[in-house]
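Please read this briefing alongside the sequence and the 3D view.

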Amino acid sequence: MAQVQGLRKRYLKAFFKGFFVAVPVTVTFLDRVACVARVEGASMQPSLNPGGRQASDVVLLNHWSIRNYDVQRGDIVSLV
């Protein structure tokens, strides 16, 4: 029984250690580098959601290019 409690304690310690490292790294990545967004509706047709489909498209928003002012003609820019 003591071994099981020791194993649980080590497992929980490793879990929380990984959790407290993974969460800030993930939040920083999503804020600074890139994130995934869903495009719904007809506002971006025919580039996105072609053919009037009711399904939504999933896009990768590149925050890195915007921070470096690397926007070129033909790029789609998302504003919040």
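Helices (H or I, at least four residues) and strands (E, at least two) are DSSP runs, numbered from the N terminus. This is a predicted model, in which local features need pLDDT of at least 70 and side-chain atom pairs count only at pLDDT 80 or more, while totals for chains, interfaces and linings use all residues. Residues are numbered from 1 along each chain as its sequence is written, and side-chain values use heavy atoms, with hydrogens and water left out.

**Confidence**
- The chain has a mean pLDDT (the predictor's confidence in each residue, from 0 to 100) of 82, and 94% of its residues reach 70 or more.

**Helix H1**
- Tyrosine 11 lies in helix H1, which covers residues 2-32.
- With a relative accessible area of 58%, tyrosine 11 is exposed (exposed means over 50%, buried under 20%, partly exposed in between; 1.4 Å probe, protein chains only).

**Salt bridge**
- Side chains of opposite charge can pair when their charged atoms come close.
- The whole structure has one salt bridge (a side-chain nitrogen of Lys or Arg within 4 Å of a carboxyl oxygen of Asp or Glu).
- Arginine 32 forms a salt bridge with aspartate 31, and their closest N and O atoms are 3.7 Å apart.
- Arginine 32 is partly exposed at 41% relative accessible area, and aspartate 31 is partly exposed at 40%.

**Strand E2**
- Aspartate 57 sits in strand E2 (residues 57-62) and counts as buried, at 15% relative accessibility.
- Not counting residues up to four places away in sequence, aspartate 57 touches Ala37, Arg38, Val39, Leu48, Asn49 and Pro50 (contact means heavy atoms within 4.5 Å).
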